[in-house]
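Please keep the model in view while reading.

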Amino acid sequence: MIRAAIIGLGAIGQRLIKNFTDHPDIIISAICDRNAEVTRETSERLGNVSSFTDHKKMLEEAEIDLVYAAVPPKFHHRIVTDVIAKGKHVLCEKPLANSLEEAESLYIQAKEKGKGIVHAMNFPLNYSAGSKTFASLIKDGYVGKLRRLELKMHFPEWPRPWQQNDWVASREQGGFVLEVGVHFIQQIQKIFGPVHVLNKSVQYPEDPTASEIGILAQMELQDGTPVFIDGMSQIAGTEEIRFTAYGTEGTLSLLNWSALEGGKLGEPIQRIDADSSLANSLIDELVKALKGEKAEIIDFEAGYQAQNILEKLRG
């Protein structure tokens, strides 16, 4: 049985608790959060598992095989460094860290100090039916030769109603480019290969501590294929996240994380059913990796590569 610990019991940490508890090969052996009341309530709900408000004390005292770091980005480097130093497997929330320097440090630690340690990132698009079908159709030549990639991120309100906290709204470690855009940066790199930032224009509100309200960016793949980002928040309308590939034979979009739309030249754009057989589970893949089996995980190297582009976009 794999003994898992969770550090950070906010909305993100709570989201994966059920995935851990539902897996037959995992037990949650410890939890940690600086908020003692949240820690106590979560411990009681999980059957009085060991609970801590200090992650170092937890790493010293609890019996743990895997640690899920679900804290805000500015704490990733310090906490994950401590986890690696203890020789524990680690799942880290995205982005890998709060700067390119910190991300590189964690990548190097995982590569050099973490021999035998599984290091993985929580990039859920890699396991969902919609995004995996998108990748499969691209591989099978649905759009033909790729002509352009576009990422549209429009939010009537940021942070969104269910994300109301200080750090998601902050310029230091929040904003929709970091929270949402990094998922698609990672997908671009995985499906299409390396990408380079050519230029970008970022709009900020008057509040110097608040995150961006707009971005226009031009990037390119290694073969020169253009990649455009159009992001805005605090606007009229409904939320829309659309990742589109235009090619010589057709167009394909991943819409709002899971829906697929596409069409061949001369045809209208229409709904495409995702292939549910392609979907898998991050937790299942983690368990495979911890057992030494072949697994689909996004490691710290991929996290570092995504952060490299993220920081160039954020400036």
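Q: Which residue forms a salt bridge with Lys 291?
A: In this predicted model, the closest N and O atoms of the pair are 3.0 Å apart, and a salt bridge requires such atoms within 4 Å. Lys 291 lies in the loop between helix H8 (282–290) and helix H9 (300–314), and its partner sits in the loop between helix H1 (11–22) and strand S2 (26–32), 266 residues apart. The partner of Lys 291 is Asp 25.

Q: Are Lys 291 and Asp 25 buried, partly exposed or exposed?
A: Buried means under 20% relative accessible area and exposed means over 50%. Lys 291 has 48% relative accessibility, and Asp 25 has 26%. Both values fall in between, so Lys 291 and Asp 25 count as partly exposed.

Q: How many residues apart are Arg 40 and Glu 44?
A: Arg 40 and Glu 44 form a salt bridge, with 3.4 Å between the closest N and O atoms. Both residues belong to helix H2 (residues 36–45), where their spacing is about one turn of the helix. That spacing is 4 residues.

Q: Which element holds Lys 132, the salt-bridge partner of Glu 296?
A: The side chains of Glu 296 and Lys 132 meet at 3.1 Å, N to O. The pair links distant parts of the chain, 164 residues apart, with Glu 296 in the loop between H8 and H9. Lys 132 is in helix H6 (residues 129–139).

Q: How many salt bridges does the structure hold?
A: Besides pairs such as Arg 40 with Glu 44, there is a network of salt bridges that links Lys 152, Glu 240, Arg 242 and Glu 261. For the structure, the number of salt bridges is 17.

Q: Is Gly 174 buried or exposed?
A: Gly 174 lies in the loop between strand S7 (146–155) and helix H7 (176–192). Leaving aside neighbours within four places in sequence, Gly 174 is in contact with Trp 167, Val 168, Ser 211, Glu 212 and Arg 314. Its relative accessible area is 1%, so Gly 174 is buried.

Q: Which strands stand at the edges of the open sheet of 8 strands?
A: The strand order is S8-S9-S10-S7-S11-S12-S13-S14, with mixed pairing. An edge strand here has a single partner strand, so one side of it is left without a neighbour in the sheet. The twist averages 20° from one strand to the next. The edge strands are S8 (195–203) and S14 (270–272).

Q: What is the bridge partner of Ile 215 in S10?
A: Strand S9 (residues 214–221) and strand S10 (residues 226–233) pair in the antiparallel sense. Their pairing runs over 7 bridges. In S10, the residue bridged to Ile 215 is Gly 231.

Q: What angle does the direction of H6 make with that of S12?
A: H6 packs on the sheet and touches strand S11 (240–247), strand S12 (250–255), strand S13 (259–264) and S14. H9 lies across S8, S9 and S10, at about 35° to S8. For H6 and S12, the angle is about 165°.

Note on methods. Residues numbered from 1 in each chain as written. Predicted model: local features only at pLDDT ≥ 70, side-chain atom pairs only at ≥ 80, totals over all residues. Heavy atoms only, no water. Helix = DSSP H or I, 4+ residues; strand = E, 2+ residues; numbered from the N terminus. Buried < 20%, exposed > 50% of the residue type's maximum accessible area, 1.4 Å probe, protein only. Contact = heavy atoms within 4.5 Å. Pairing = 2+ DSSP bridges. Axes fitted to C-alpha atoms, helices over the stretch in contact; angles between N-to-C directions.
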